[in-house]
Amino acid sequence: MSEVTSATSDATAPHLLAARLRLSMVRLSRQLRRMDPSELTIAQFSALATVVRNGPLGVGQLAEIEGLPSPAATRLADKLEVAGLIARRMNPADRRGVQLMATPAGTELLTRRAQVGNAWLAGHLSALNKADRLALERAVTLLESFATECKDGTPATTAEHHQSKETRT
């Protein structure tokens, strides 16, 4: 095996890719938080985004989407409600339950943060050539599948979904 092939094989080893990916994601997350510092923790911001995008929804649904135990989702909802970013409303289908809904302030905060962060990312993406943007689009699709793991910790997609379009045709 040539040195080039060996170096490439080593660079794609899962444990090496995992280390690089994790560190890159931490650094990217830090950069994005610097773009628009907020009083919200990452968990609170994620929960708010879930309520804005999927609401109205119950605390149990929030817990399931966020991959949290119900008590943790309840605490997040409490903090977001105190901050005026979400509101609890009676569930018309079940009077015993409540639904979480984003307030205008919550929606505005999420929109503002997305606009600032997306503009920063778009500036960097615009400097890439089309092939690199396509490669990144594929990587984002894979990362999205990692973020939606099954309850047993396995990715929500199968290895077949991880194959490139070229190898499936």
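The model is predicted, and local features need pLDDT of at least 70, side-chain atom pairs count only at pLDDT 80 or more, while totals for chains, interfaces and linings use all residues. Residues are numbered from 1 along each chain as its sequence is written, and side-chain values use heavy atoms, with hydrogens and water left out.

**View 1. Helix α3 (residues 42–54) packs with helix α4 (residues 59–66) at an angle of about 115 degrees, their axes being 10 Å apart.** Helices are DSSP runs (H or I, at least four residues) numbered from the N terminus, and axes are lines fitted to C-alpha atoms over the stretch in contact, with angles from 0 to 180 degrees between N-to-C directions.

**View 2. The axes of helix α2 (residues 14–35) and helix α6 (residues 104–126) come within 9 Å and cross at roughly 125 degrees.** That makes α2 oblique to α6, a term for angles that are not under 35 degrees (roughly parallel), over 145 (roughly antiparallel) or 65 to 115 (roughly perpendicular). L28, Q31, L32, R33 and M35 in α2 meet R113, V116, G117, W120 and L121 in α6.

**View 3. The charged end of R113 sits over the ring of F45, 4.3 Å from its centre.** This placement requires NZ of Lys or CZ of Arg within 6 Å of the ring centre and within 35 degrees of the ring normal.

Terms used. Helix = DSSP H or I, 4+ residues; strand = E, 2+ residues; numbered from the N terminus. Contact = heavy atoms within 4.5 Å.
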